Amino acid sequence: QVELVESGGGLVQAGGSLRLSCAASGRTSSANIMGWFRQASGKEREFVAVISKSGRYTDYSDSVKGRFTISRGSAENSMTLQMTSLRPEDTAHYYCAADPSPFHPGVAHRPPSDYDYWGQGTQVTVVS
């Protein structure tokens with residue numbers, strides 16, 4: 001079992017930045033890929049970004065590409081999402097997810113149900 005804990009959400013004005021963090025504990029050998037998803041009120045959970053175990057490979061949704069950066073944290077088994085140029089439509093509950101599967105070119109298209117482990121999420125609210 002892998003436990004994931006997110007932190008760093010909050011309220012920010014449009015154009016601002018936020019940094020989300022996710023710390024994994026437990027059987028972290030199963031957290032081969034780690035990713036971020038988000039779910040806005042009344043909408044389905046959607047993919048945001050994913051990163052490989054080594055941090056060498058990443059992928060993003062088109063809606064955040066060029067604005068968000070996913071990276072492995074300085075602490076082992078941690079991950080961050082640096083969000084810049086935030087927009088009101090980025091408002092959502094952001095979830096950290098992990099899975100034992102290896103990173104591959106199509107990983108960005110995997111549905112949320114394919115991920116074995118989830119955090120409780122952190123709220124990001126962007127106001128105009």
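Me: In what order do the four strands of the open sheet run, and what makes two strands count as a pair?
Reply: The order is β1-β3-β8-β7, and the pairing is antiparallel. Strands here are DSSP runs of E with at least two residues, while helices are runs of H or I with at least four, all numbered from the N terminus. Two of them pair if DSSP finds at least two bridges between them. This is a predicted model, where local features need pLDDT of at least 70, side-chain atom pairs count only at pLDDT 80 or more, and totals for chains, interfaces and linings use all residues. Residues are numbered from 1 along each chain as its sequence is written, and side-chain values use heavy atoms, leaving out hydrogens and water.

Me: Why are β1 and β7 said to stand at the edges?
Reply: β1 (2–7) and β7 (68–72) each have a single partner strand, so one side of each has no neighbour in the sheet. On average, neighbouring strands are turned by 15 degrees against each other, direction ignored; the axes are lines fitted to C-alpha atoms, and angles run from 0 to 180 degrees between N-to-C directions.

Me: How do you know that β1 and β3 pair?
Reply: They share six bridges in the antiparallel sense, and the rule asks for at least two, so they qualify. Along β3 (residues 18–26), C22 is the bridge partner of E6, and A24 stands opposite L4.

Me: What makes C22 and C96 a disulfide?
Reply: Their sulfurs are 2.0 Å apart, and the cut-off is a pair of cysteine sulfur atoms within 2.5 Å, so the pair counts. One disulfide is found by this rule. The link is left-handed, at -75 degrees about the S-S bond. C22 lies in β3 and C96 in β9 (residues 92–99), so the bond ties together parts 74 residues apart in sequence.

Me: Are those two cysteines buried or exposed?
Reply: C22 has 1% relative accessibility and C96 has 0%. Buried means under 20% relative accessible area, exposed over 50%, and partly exposed in between (1.4 Å probe, protein chains only), so both are buried.

Me: What makes a set of residues a nonpolar core, and which residues touch the most other members of the largest one?
Reply: A core is a set of buried Ala, Val, Leu, Ile, Met, Phe, Trp, Tyr and Cys residues joined through side-chain atoms within 4.5 Å. In the largest, with 28 residues, they are L4, M34, W36, L81, M83 and Y94. Among the elements giving two or more residues to this core are β1, β3, β8 (78–83) and β11 (122–127). A second, separate core of eight residues includes F37, A97, V107 and A108.

Me: Which residues does M34 touch?
Reply: With contact meaning heavy atoms within 4.5 Å, and leaving aside residues up to four places away in sequence, they include L4, C22, A24, I70 and C96.

Me: Which residues make up the covered face of β1?
Reply: That face is V2, L4 and E6, while E3, V5 and S7 form the uncovered one.
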